[in-house]
Amino acid sequence: MNNEKLINRFIDGDKTAINDLYTEYSPRLYRFAMAYLKSESEVLDIVQEVFVNVWVNRNKLKKDSNLDAYLFTVAKNTIVSVFRKKLSEKDYLEHLKNKTITNSIDTESQFNYNQLSDKLNDLVEQLPPQRKKIYQLSKEQGLANKTIAAELGISVKTVEDHLSKASKFIKKHLTEYGFLALLFIDLFINSK
């Protein structure tokens, strides 16, 4: 199928274009989402949400857009939203670790997860003591910035500044790990 023609039809509001887009991309998006969610009902909801989102925002597409990249970016962001809604950060890490072990995901995936988790822990350990404490209270214990400020006797602005600097430091050192690191960053560094 000619992607340029499909995009033009889609942008112009041709409702048959969404059907063509769905036919071409839904199986790949389904497999992509299933790799992370492992729940058919959630994955079907994700795929549907991606296409609804894309249709609603079709005027943002450019005629020379890369459909693959666009659709998979929307899917990734939707998956991240599901994770954020479902579990707190600490619970999700435990959940992911347990799923990795109980589902016997291949050794390479388990190695990547463990390696990334270890790297994240190492990076947190490298933070200055006050920043490390604030980061752990926020990201590991799920405390609100206001609560952290009250507990430590500092301003909310100071808490926000420490979290921002900690996040930048961690992101800078995690990006070398590829897509898995991007999911980690979206789920655990960018949230809150």
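Which residue forms a salt bridge with Arg9, the closest N and O atoms being 2.7 Å apart? It's Asp20, and the close-ups below start with that pair. This is a predicted model, where local features need pLDDT of at least 70, side-chain atom pairs count only at pLDDT 80 or more, and totals for chains, interfaces and linings use all residues. Residues are numbered from 1 along each chain as its sequence is written, and side-chain values use heavy atoms, leaving out hydrogens and water.

**View 1. Arg9, Asp14 and Asp20 are linked in a network of salt bridges.** A salt bridge here is a side-chain nitrogen of Lys or Arg within 4 Å of a carboxyl oxygen of Asp or Glu. Arg9 pairs with Asp20; Arg9 lies in helix H1 and Asp20 in helix H2, so this pair ties together parts that are 11 residues apart in sequence. (Helices are DSSP runs of H or I, at least four residues, numbered from the N terminus.) Arg9 also bridges to Asp14, with the closest N and O atoms 3.1 Å apart.

**View 2. Glu125 and Lys132 meet in a salt bridge.** Their side chains come to 2.7 Å, N to O. A search of the whole structure turns up 4 salt bridges.

**View 3. Phe10 sits among the residues with the most contacts inside the largest nonpolar core.** That core has 27 residues; a nonpolar core is a set of buried (under 20% relative accessible area, 1.4 Å probe, protein chains only) Ala, Val, Leu, Ile, Met, Phe, Trp, Tyr and Cys residues joined through side-chain atoms within 4.5 Å.

How values were computed. Buried < 20%, exposed > 50% of the residue type's maximum accessible area, 1.4 Å probe, protein only. Helix = DSSP H or I, 4+ residues; strand = E, 2+ residues; numbered from the N terminus.
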